[in-house]
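Hi,

Here is the model I said I would pass on to you.

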Amino acid sequence: MAAIELDGLTKHYGDVVAVDGLDLTVEEGEIFGFLGPNGAGKSTTIDILLDFVRPTGGTARVLGHDAQRESLAVRQRTGVLPDAYHVYDRLTGRQHMEFVVDSKEVDADIEAILERVRVLEAADRKAGGYSKGMRQRLVLAMALVGDPDLLILDEPSTGLDPNGARQMREIIQAENERGTTVFFSSHIMEQVEAICDRVAIINRGRLVAVDSIDGLRDSTETTTTLTVDVSNADDGAVAAVRARDDVNSASLAGDRISITLGPDGSKFGVLQTLDQAGVTIEDFSLDESSLEDLFAEYTTSQQSVDRDAAGPDALDAGGAGATEVNR
Amino acid sequence: MSWTAVAKKDFRDAVQSRALWALLGVFVVLSVVLSYAYATFPELVGGTTEPTVGGLVFFTSGIVSLFVSLTAIVVCYKAIAGERELGSIKLMLALPHRRRDVFLGKLVGRTGVLTLALAVGLVVGLGLGAVLIGSFEPVPIAAFLFVTLLFAVVYVTVVVSLSATTGSTSRATTFALGFFLLFELLWDVVPLGVVYVANGLALPATMPDWIFPLMQLPPSSAYVLALSALLPDIAESAPGGGVAAGFDAFYARPELGFAVLAFWLVVPMAVGSYRFANADL
């Protein structure tokens, strides 16, 4: 049984299409990254999974239950760290946890969970006085109550310092090893890359890619940029490099040659060619395209297609397509 | 029983409202002053010269209804709209609660808060009055507490229901204040206006019977009317007593107060919970 199954999921807000025919399956036991720029439809999709929002079309199933008709069963077995939430300022951290325990009607060691996310010492202080990072930890603790089968985390690293983000990752991994499926959204590839088994990239409410991290790397043309510092280069040497089959481009600027290689380009071969051309190599560095670049490529090229379709007015919107859906 | 978890959480939260306790302070002072005034100078307010607990109950019902309505607004106007606007509702509804359980839990939790404040104020005010008058009359006190609690439940329901229709706190404020303005401050002229228009832009010599229920439509009027239904003897002699006098239709009787209170319980609850259950948060 799949943990999450989206079938043609669509949500319109008036004329605005927030989610556009999303098909997606998340298997049980996966750590699944849901990636997209701000306003891509990530939060709307998660809101539908939790029945905060009703879809205009299509269906969502979570843990084998219909996300709308059987939402109670879904939420009983799911732990959630929502996006744009607000804690109860006048209640203490402990009272927040008690509310979850009462609501899910489960036994849980509140202190142990608070200890795990490192807010135990603040447990009896009002959450209104917590820092952003502490609130995020508290809500993560609330999500962990009752050992859920599925964790839905919407931008979990928001407000956390690098140390906190690392602890968040460790907790996610530990929960996953216990058998929990983890579905988390992010607009930062780096966070997803580190721990996810598979990734979906969405943009403007549409799925643009679903694959493992390695699969994503392989499926796109990865380019490698080789920068070589030289002391006696001339155009002839650059032309010799450019003549190689595995080189896409090469250019000389002062004492530095920049070379981009194709997918199977041989760095060693390029250096050899330069050496044979009589160039003295002082130093060199490599820059492989990152998944971040890949993500940018996916989400911007898709956008330009959309813009063409939408006509010239859409160009004025500008920016990185970060049109937040306003509701 | 998922609403109990919501009610408990909500009570713990709302009971810490500073505005609530400020209002209670004012209410305690006023009810002490009124109890003292009535016990000392009963002839100033009623026909009798002998102060009774029953008379005190009617004498203080006006200030009680004002306290209940204002406190209900202060405690409840953000009950649901506020949680939606801030986003704390996402923490609540990420848990296994039906929307109608959240609505019910909110009603119970906020009623609890209002009842607690009311109990403090009434024990002080009525207690002082009973001591000064020197008698304890369980029947009028029990009737008074029953109707007052019902009235508090009704007002909480109205304001929470208004709050449930919107995700904007400012709109919820407008609705709650608008309700108070229309039904508690301006309503006196509305039935007259309706009669005036219905009679061809002139006031008739005798008022038609149907103006009576119209006049009793505000929850606070229905509250006093319901009180006089339970305590008819005291109502006759109390100021403003015998409200149904002059009308002879079958419905022109004090029991109508309970019907009106029931109306304000059922209709807002139906509209509010329906709107909330179908909203995109």
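Predicted model: local features only at pLDDT ≥ 70, side-chain atom pairs only at ≥ 80, totals over all residues.

Chain A first. Its 327 residues include 39% that count as buried, and the chain has twelve helices and 14 strands. If you take the contacts in chain A between residues at least 6 apart in sequence, 69% of them join residues at least 24 apart.

Helix α3(A), residues 93-104, packs against helix α5(A), residues 132-144, at an angle of about 25°, and their axes are 9 Å apart. With angles under 35 degrees counted as roughly parallel, α3(A) and α5(A) are therefore roughly parallel to each other. Their crossing is right-handed. On the α3(A) side you will find G93(A), H96(A), M97(A) and V100(A), which meet L138(A), A141(A) and M142(A) of α5(A). Sorted by class, this contact has five nonpolar residues, two polar ones and no charged ones.

Helix α3(A) comes up again where the two chains meet. There, 25 residues of chain A are in contact with 20 residues of chain B. On the chain A side, α2 (71-76), α3 and α5 each supply at least two residues, and α3(A) gives the most, with six. By class, that side of chain A has 15 nonpolar, four polar and six charged residues.

Chain B has a helix pair of its own to look at. The axes of α4(B), residues 53-76, and α8(B) come within 9 Å and cross at roughly 20°, which makes α4(B) roughly parallel to α8(B). This crossing, too, is right-handed. The residues that α4(B) brings to the contact include V53(B), V57(B), V64(B), V68(B) and A72(B), while those from α8(B) include F144(B), F151(B), A152(B), Y155(B), V156(B) and V159(B). The contact as a whole divides into 16 nonpolar and five polar residues, with no charged ones.

Some of these names return in the largest nonpolar core. Which of its 146 residues touch the most other members? They are A141(A), A72(B), V156(B) and V159(B). Helix α8(B), residues 138-164, provides the largest share of this core, 14 residues. A second, separate core has 15 residues, including V230(A), A233(A), V238(A) and V241(A). To come back to A72(B): leaving out residues up to four places away in sequence, A72(B) touches L114(B), A152(B), Y155(B), V156(B) and V159(B).

Last, a spot in a loop. E28(A) sits between β2 (16-27) and β3 (31-35) of chain A.

Best wishes

Key: Residues numbered from 1 in each chain as written. Chains lettered and ligands numbered in written order. Core = buried A, V, L, I, M, F, W, Y, C linked by C-beta atoms within 7 Å. Buried ≥ 20, exposed ≤ 12 C-beta atoms within 10 Å, placed from the backbone. Helix = DSSP H or I, 4+ residues; strand = E, 2+ residues; numbered from the N terminus. Contact = placed C-beta atoms within 7 Å. Axes fitted to C-alpha atoms, helices over the stretch in contact; angles between N-to-C directions. Parallel < 35°, antiparallel > 145°, perpendicular 65-115°, else oblique. Left-handed = near helix turned anticlockwise from the far one by under 90°. Nonpolar A, V, L, I, M, F, W, Y, C, P; charged D, E, K, R; others polar.
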